[in-house]
Amino acid sequence: SEREQARREIFEREQQVRTLAENSPDLVVRCDSEGRCRYANPAFATATGLSPAEVIGGRMGDFAFSAKHRALWERAIDQVFASGQSMTVEFDLKTPTGLRRFESRAIPETAGDGAIASALVVSRDITDRVATERALRQSEERYRTLIESAIIGILVHQDGRVPYANP
């Protein structure tokens with residue numbers, strides 16, 4: 001019947017989404033309107049050192065490990081429910097493997113009637129990217145200092161123009 005076919009399709013879609021979330025290296029958490037966690041994927045458990053049983057029913061702020069992080073998460077979840085808009089935050093988190101930098105995006109999920117039913121929080125470990133960007137900035141600064149303090153004239157000639165000449 002059509003109803004049975006629709007149920008199978010919904011089940012298959014739910015399985016596909018669950019497979020994605022369960023196997024994602026990103027941390028995935030779903031929170032209700034009170035900020036309580038209703039789902040946390042294995043990556044969240046690994047990063048925080050908390051089991052899913054310790055996470056489910058708790059508030060994101062409870063896992064923040066500091067008053068600053070607690071306020072950040074409470075504000076982010078409240079804002080998503082109040083505005084219906086996504087919110088992105090960056091923060092440092094002490095993990096079992098050391099201090100890591102994360103970028104998190106809290107995304108409103110709507111119910112069939114259009115009301116916001118939950119907030120999906122997807123967090124990515126950006127520690128390596130941040131370190132690479134910092135190293136690049138430091139390298140550029142050393143290069144700029146070297147060129148600008150050289151006692152000989154240095155210029156860049158490109159396409160018949162001189163876009164740079166040291167002082």
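Let me begin with S139, which has its place in helix α5, the helix that covers residues 127–148. Please keep in mind, as we go through this together, that what we are looking at is a predicted model.

How exposed is S139? Its relative accessible area comes to 36%, and because buried means under 20% and exposed means over 50%, S139 counts as partly exposed.

From there I would like to turn to E14, which stands 125 residues away from S139 in sequence and, going from C-alpha to C-alpha, 47 Å away from S139 in space. E14 is one of the residues that line the largest pocket, and among the others are Q15, V17, R18, S24, V28, R30, Y39, E109 and L120. Two elements, namely α1 (2–23) and β1 (27–31), each give two or more residues to that lining, and it is α1 that supplies the largest share, with six residues.

What kinds of residue make up the lining of the largest pocket? Six of them are nonpolar, two are polar and four are charged. As for the space inside the largest pocket, the computed value is about 290 Å³.

The average pLDDT over the chain is 88, and 98% of the residues score at least 70. Where in the chain is the confidence lowest, and where is it highest? The lowest mean, 84, belongs to helix α3, residues 52–55, whereas strand β5, residues 116–125, has the highest, at 94.

Technical notes:
Residues numbered from 1 in each chain as written. Predicted model: local features only at pLDDT ≥ 70, side-chain atom pairs only at ≥ 80, totals over all residues. Heavy atoms only, no water. 1 Å grid on protein atoms, 1.4 Å probe; cavity = no way out; pocket = protein on both sides within 12 Å on 5 of 7 lines; lining within 4 Å. Points joined across faces, edges and corners; volume = space filled by probe spheres on them. Helix = DSSP H or I, 4+ residues; strand = E, 2+ residues; numbered from the N terminus. Nonpolar A, V, L, I, M, F, W, Y, C, P; charged D, E, K, R; others polar. Buried < 20%, exposed > 50% of the residue type's maximum accessible area, 1.4 Å probe, protein only. pLDDT = per-residue confidence, 0-100.
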